[in-house]
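Subject: Model for your review

Hello,

Here is the model we spoke about. Please look it over, then read the notes below.

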Number of protein chains: 2
Amino acid sequence: MHRTRVRVVEDALDANNTIARANREDFDRHGVTVVNLMSAPGAGKTSLLERVLAEPLDGVQVGVLEGDVQGSLDADRLATLHVPVVQLNTGSGFGGECHLDANMVRSALPALRLAELDLLVIENVGNLVCPAEFRIGEDARAMVCSVTEGEDKPLKYPLMFRACELVLVNKVDLLPHLEFDLDKLLHHLSHVNPDAEVLPLSARTGEGIDRWRDWLISAAERGERGRRRRREEALV
Amino acid sequence: MHRTRVRVVEDALDANNTIARANREDFDRHGVTVVNLMSAPGAGKTSLLERVLAEPLDGVQVGVLEGDVQGSLDADRLATLHVPVVQLNTGSGFGGECHLDANMVRSALPALRLAELDLLVIENVGNLVCPAEFRIGEDARAMVCSVTEGEDKPLKYPLMFRACELVLVNKVDLLPHLEFDLDKLLHHLSHVNPDAEVLPLSARTGEGIDRWRDWLISAAERGERGRRRRREEALV
């Protein structure tokens, strides 16, 4: 019985990976780099996007796909920014899905004008567990971890911290008012993912937003190099 | 295909409800009231338990079941409190389950000395989506919502806020340092769950902990009345 259950889960992930590859091929064809942005609820994904997309990104054309269980609050916030925003709700089914999967993203592709984009940021559902388990066709994964959540989160949600190449440590403006030890967080993070890049920043004060902006621009450049490599490999 | 998928989900929930009822019968037999405590990661479930269980609860014997994807950090924190704590990890399977279900709780029952308890608090996995979908045999559901998470959470995760009869609004000591409008949160909450009881409090300063303590004591009393009612109904 247990063995059967594992097989079902593996099949579901395999189907997801197949669709993720199809998404990736579509993104490649249009020259779009995709960043999967994840975090716990309320860590500040949308606020960090509002901040960094308030100004043009050095000629990089950005679009946002907003994943939420229900509602369009985040998409509405970003709609004032003059970047294209598409809302994707996971709320059909029983209580709503707690993550985006490749097929949900695929269903949103027709609404995205991929030909006009260089960079697509997909804001996942707020959750530190399941979003890390589902590839959606992205080039890079980034996560937001707020200092108000405590230093232990890399140890409690290791898959998420391991899956991401960038950890945005948000709300550092609150550090003077918290008993939070940034070194302890970094120590725990180095334990589960020594290669992660870490950017302490604050969506509220703007501290560190320039480095978040630089990272997005360089992600688009790395995405372009990855596409070139995949094209060359396909020719061999 | 879609219809098949829905049926599978319904079957899974139906099996869960069957096991939840079996858990409930075991809790009833031992006179134990069970509170399912939920929140986003880092909202302060463990800190609020540390605070409220630092002193005996007016003769109410409390135990804690700690749900985590991985590790025993929270159980270790609570182990200093002289209340029995059992750790339940959901990390087997692929990336770990993002919630407790009735069968996981059932697997922990042999480790819980139910005969010695009046009140069992089950700390669920940090997640605002799936834990609300799975009954585990509890009498009452409570959630923690931190003021650092923003006012919009009841609208974005309505099932969770609707499922709980108590909303603990934690970290109010940080209010002077945030742009957070408590009235706005209460307005959104009243939209999705007008009957919810709301307790603003702070695990850090201890503000409001007396009311959290009173609520737990009265939950044990309500649980006892519920068990009596169920016994009488069974005799009719």
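A polar contact here is a pair of N or O atoms within 3.5 Å; within protein, one must be able to donate a hydrogen and the other to accept it, and residues adjacent in sequence count only if both atoms are side-chain atoms. By that rule, 12 residue pairs are in polar contact across the interface of chain B and chain A (both at pLDDT 80 or more).

Some ground rules. This is a predicted model: local features need pLDDT of at least 70, side-chain atom pairs count only at pLDDT 80 or more, and totals for chains, interfaces and linings use all residues. Residues are numbered from 1 along each chain as its sequence is written, chains are lettered from A and ligands numbered from 1 in the order in which they are written, and side-chain values use heavy atoms, with hydrogens and water left out.

The interface

Chain B gives 39 residues to the contact and chain A gives 39 residues (contact: heavy atoms within 4.5 Å). The buried area is about 3300 Å², with 59% from carbon and sulfur atoms. Buried area is the accessible area (1.4 Å probe) that two parts lose on being put together, summed over both.

Six salt bridges cross the interface of chain B and chain A. The rule asks for a side-chain nitrogen of Lys or Arg within 4 Å of a carboxyl oxygen of Asp or Glu. Asp74(B) pairs with Lys156(A) in a salt bridge, with the closest N and O atoms 2.4 Å apart.

Within the chains

Over all chains, the salt bridge count is 42. Glu165(A) and Arg222(A) form a salt bridge at 3.8 Å, N to O. Glu165(A) sits in the loop between helix H6 (158–163) and strand E6 (166–170) of chain A and Arg222(A) in helix H8 of chain A, so the pair ties together parts 57 residues apart in sequence. Helices (H or I, at least four residues) and strands (E, at least two) are DSSP runs, numbered from the N terminus.

In chain B, helix H2 (residues 45–52) packs on helix H8 (residues 209–235) at about 85 degrees, axes 10 Å apart. Axes are lines fitted to C-alpha atoms, for helices over the stretch in contact, and angles run from 0 to 180 degrees between N-to-C directions. H2(B) is therefore roughly perpendicular to H8(B) (65 to 115 degrees). Leu48(B), Leu49(B), Arg51(B) and Val52(B) of H2(B) meet Ile209(B), Trp212(B), Arg213(B) and Leu216(B) of H8(B).

Best wishes

Conventions: Parallel < 35°, antiparallel > 145°, perpendicular 65-115°, else oblique.
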